[in-house]
2 protein chains.
Amino acid sequence: MNFLKVTNIDEIEELILKKIPSLQGKKEICKLEDSLNRVLYENLAADLNVPEFNRSTVDGYAIKFKESLGASQGIPAFFTIKGEVLVGEHTSKKLESGEAIYVPAGAMIPEGADSMIMIEFCEILEDTLLVHKPVSSFENIMLLGEDLRAGDVILKKGAVITPENVGVLASLGIYELPVFKKFRFSIISTGDEIIGEDEEYKIGKIRDINAYTLSLAIQKFGIVAEKKIVKDNFETILEEVKKSTENSDIVLISGGSSAGNYDYTSKVISVLDGGEVFVHGISIKPGKPTIIGKSNEKLIFGLPGHPISSIVVFNIIVKKLIESLHFCGDSDDYYYGVLSHNLHSTPGRTTYQMIAKTIENNEIVINPIFGKSGMTTLMTKSNGYIILGNNVEGLEKGSRVKVYRF
Amino acid sequence: MNFLKVTNIDEIEELILKKIPSLQGKKEICKLEDSLNRVLYENLAADLNVPEFNRSTVDGYAIKFKESLGASQGIPAFFTIKGEVLVGEHTSKKLESGEAIYVPAGAMIPEGADSMIMIEFCEILEDTLLVHKPVSSFENIMLLGEDLRAGDVILKKGAVITPENVGVLASLGIYELPVFKKFRFSIISTGDEIIGEDEEYKIGKIRDINAYTLSLAIQKFGIVAEKKIVKDNFETILEEVKKSTENSDIVLISGGSSAGNYDYTSKVISVLDGGEVFVHGISIKPGKPTIIGKSNEKLIFGLPGHPISSIVVFNIIVKKLIESLHFCGDSDDYYYGVLSHNLHSTPGRTTYQMIAKTIENNEIVINPIFGKSGMTTLMTKSNGYIILGNNVEGLEKGSRVKVYRF
């Protein structure tokens, strides 16, 4: 039983990187259309101006703005229509005094024009344009480079690609992105009582839960993990973990990390090639019996068998580690609310309290969810958690708390 | 120009369903491991108790709790060890007075036992167990049905499947789920100036943006959309839209919905089989020149060409429509913050103001982002929006506002 020497949650990440420096993110190239939720490996700068020409933002006529001054519904300004610019056309037309040229939205403003009057405020009499409203200088025109200047950083290293920021990249013709290479994962559920989808259920057995929750949590990163169930047998677990370290960067072993009779995870890691267990328990609740080790350059987690502990440890350690390795900025996965009940915490341990959110009088109310460890329904009832630090004795009803989403 | 008759944003959804009743969600079956982010089609109830037997939550010894009363470090209680229960075993052992049976976490509590003492508080002398701490009734035991009772609703219709709630389903042996069938999407970008990834760029042209942003926004639903770029030619657009309605439930046409010279979307919809345009502009800003129509039972959107308008309309109409058709509950995609500046709005139009979030003194501060319509960089600078309703004249600096994520 090594659990007397628990590691502080705040030291975990540094420790892992000290043990496996090669975990630092690597680069790969990803197509723009496949880039949803990928993380940018380096700053991206614009290599040209956007727009590359003075562009109309409306359908209407290009004119010289001074010649519209004083125009009104009653007393229009008159212009001679001198053709049109087509969208997509690189025009060489020049606008002279007293002239108007039709320019649709998105098309290039001809030289000499300094304003666009929207078609809604115009009237056409053969070749003559009547303008019923004055426009101001550069109204309805987006100037060359106004959106982006060549050299501007568009997106920073660590930016998570969203539908919104893909637009800028497409406008610049950036169709391939340097992104952080995804980690490959394996999940191994251990336990004699654990049965899989294809095994017959008998009373006394427990259907595998953790391989499913962990697998879906990993899918959130767009990664499909290998998953396996193995019985509590040293040789079988050893063989399976060995295989997994060959095909994966990170191996999650679920169950077998508490201090009971049939716990092989720690022993298995120790005998692997380059094997070492360097975390024997963490000062958190739930999730204390977590072990972390490695086999050569591969990271191995022994997660608690309890479903909630297992997913909490995944979220607060594995997920955060990856986000940190990939320099993700604010992942926007928290909000604030008001606590509905007094909360006590365990001194010396960081407590992760499951909560459910309700809305009362336009205020987000945070309701702690309690239940026995191992209750699977706690997970469906809660939709996030709050953190009570090492030194926090508790929180009073009505406190403003920061809530993390799963 | 039909834009005089704009439709109120609040009426859009009802109108669409009146015109195309068959859009109502349909059911399909999905494997549990592929169910991330899928939406449940009907309530799911437990068909058995969880756990199905009294289960130990710790590694330790099953005893009768009364026989541990008064036990302490100095004066232990003594028990005779009568073997063990294996995990996964359906035990028929019976515990008699003065006996203890080893039961690891997850294993079945033998008849006659009513409490578990953790191994940490025990000492073993050959066949005798010394217990150094009293336990209370049913301590460290999860009772039959305590987590879930047969018949309990586990997840409701409209629940979005998360890693967390998959655990409960797996524990019940529910490996296939009734979920809402995904809608199939096509995206058509129109415009003579629009060029695609494989076309050579020339000044005057604009690289396609909307097909990328829309495509990634749809990927958030786990749907890969067909995308095409077509020139502003009536016959070409007609042919492409026709093809798309055959393969898709929802067709998004980007560009071509303002009132200029080359706008064919509305005309194209009108001549399609069973074609009808029933929304000719919406009372929102940005996004006014949006048209909505149908061809038989297929829904067709003519989205504004401006990238920001296009993605805003997608988020506030198309995305919300799908969530609503699939009965999604609180999608948890909003939070509250404090406004950094006074904001004005346009009376009679619902304004969607882009914002960027910052944190100051533990408070989320909401900074409005301004820029010309059509600026692509607005999208990378903002990470959500606030809504100023029809009747809101503006909001004062310091107001508490509800922020929607993209």
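Modeller: What follows concerns a predicted model and the terms applied to its chain contact and domains.

Biologist: Why are α2(A) and α3(B) called roughly antiparallel?

Modeller: The axes of helix α2 (residues 163–171) of chain A and α3(B) cross at roughly 155°. Angles over 145 degrees count as roughly antiparallel, and therefore α2(A) and α3(B) are described in that way. Their axes come within 8 Å, and the crossing is right-handed.

Biologist: What makes the contact of α2(A) with α3(B), by residue and by class?

Modeller: From α2(A) come P163(A), E164(A), V166(A), G167(A) and A170(A). The α3(B) side has Y212(B), T213(B), L216(B) and A217(B). By class, six residues are nonpolar, two are polar and one is charged.

Biologist: How do you know which residues belong to the contact between chain A and chain B?

Modeller: Two residues are in contact if their C-beta atoms, placed from the backbone, lie within 7 Å. On that criterion, 77 residues of chain A and 78 residues of chain B take part. Elements of chain B that each supply at least two residues include α3 (210–219), α6 (307–325) and β22 (334–339). The largest share, eight residues, comes from α2(B). The side of chain B that touches chain A divides into 37 nonpolar, 24 polar and 17 charged residues.

Biologist: Which domains are assigned in chain A?

Modeller: The assignment gives domain 1 (9–26 + 183–325), domain 2 (28–49 + 151–180), domain 3 (55–142) and domain 4 (334–405). The C-alpha centres of domain 3 and domain 4 of chain A lie 60 Å apart.

Terms used
Residues are numbered from 1 along each chain as its sequence is written. Chains are lettered from A and ligands numbered from 1 in the order in which they are written. This is a predicted model: local features need pLDDT of at least 70, side-chain atom pairs count only at pLDDT 80 or more; totals for chains, interfaces and linings use all residues. Helices (H or I, at least four residues) and strands (E, at least two) are DSSP runs, numbered from the N terminus. Ala, Val, Leu, Ile, Met, Phe, Trp, Tyr, Cys and Pro count as nonpolar, Asp, Glu, Lys and Arg as charged, and the others, Gly among them, as polar. Domain bounds come from an automatic or database domain assignment. Axes are lines fitted to C-alpha atoms, for helices over the stretch in contact, and angles run from 0 to 180 degrees between N-to-C directions. Angles under 35 degrees count as roughly parallel, over 145 as roughly antiparallel, 65 to 115 as roughly perpendicular and the rest as oblique. A crossing is left-handed if the near helix is turned anticlockwise from the far one by less than a right angle, and right-handed if clockwise.
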